Amino acid sequence: MTTEQQAFDIVIALHRLLRTLRHAVRNNSLQPTQVIVLSQLVTYGPMRVGELASRVPCSQPTATVAVTSLESTGHV
């Protein structure tokens, strides 16, 4: 069972993580989903868009858009 303090600590940690991700994304001009897609590809190697979508997690059309954008910029 999670106590109120543990829940609050998790919320604070998530807030810090999201703030850090937004800062990193602004500097690299990548969207958060693109960053996650890249990290999945680096970690697990090539995969089908459907598998990538389930790992991110996002819809398959969103994963397709992310991959297409990354391809057009030369990231993948």
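Arg55 and Glu51 lie 4 residues apart in helix α3 (residues 49–55), which means about one helical turn separates them. The model is predicted. In it, Arg55 and Glu51 form a salt bridge, with their closest N and O atoms 3.3 Å apart. Helix α2 (residues 32–44) is the other focus here.

**Arg55 and its partners**
- An α-helix has 3.6 residues a turn, so residues three or four places apart point the same way.
- The salt-bridge count comes to 1.
- Arg55 is partly exposed, at 32% relative accessibility.
- Glu51 is also partly exposed, and its relative accessible area is 38%.
- The charged end of Arg55 also sits over the ring of Tyr44, 4.0 Å from the ring centre.
- The count of aromatic pairs is 0.

**Helix α2: length and faces**
- Helix α2 has 13 residues, which at 1.5 Å a residue should span 18 Å. Its end C-alpha atoms are 18 Å apart, in agreement with that value.
- Gln34, Val37, Leu38 and Gln40 are buried in α2.
- Viewed down the axis of α2, the buried residues fall within an arc of 160°, so they line one face of the helix.
- Val42 and Thr43 are exposed on the other side of α2.

Note on methods:
Residues are numbered from 1 along each chain as its sequence is written. This is a predicted model: local features need pLDDT of at least 70, side-chain atom pairs count only at pLDDT 80 or more; totals for chains, interfaces and linings use all residues. Side-chain values use heavy atoms; hydrogens and water are left out. Rings of Phe, Tyr and Trp (its six-membered ring) pair if their centres lie within 6.5 Å; planes under 30 degrees apart count as stacked, over 60 as edge-to-face and the rest as tilted. A charge sits over a ring if NZ of Lys or CZ of Arg is within 6 Å of the ring centre and within 35 degrees of the ring normal. A salt bridge is a side-chain nitrogen of Lys or Arg within 4 Å of a carboxyl oxygen of Asp or Glu. Helices (H or I, at least four residues) and strands (E, at least two) are DSSP runs, numbered from the N terminus. Buried means under 20% relative accessible area, exposed over 50%, partly exposed in between (1.4 Å probe, protein chains only). The expected span of a helix is 1.5 Å times one less than its number of residues. The arc is that of the directions from the helix axis to the C-beta atoms.
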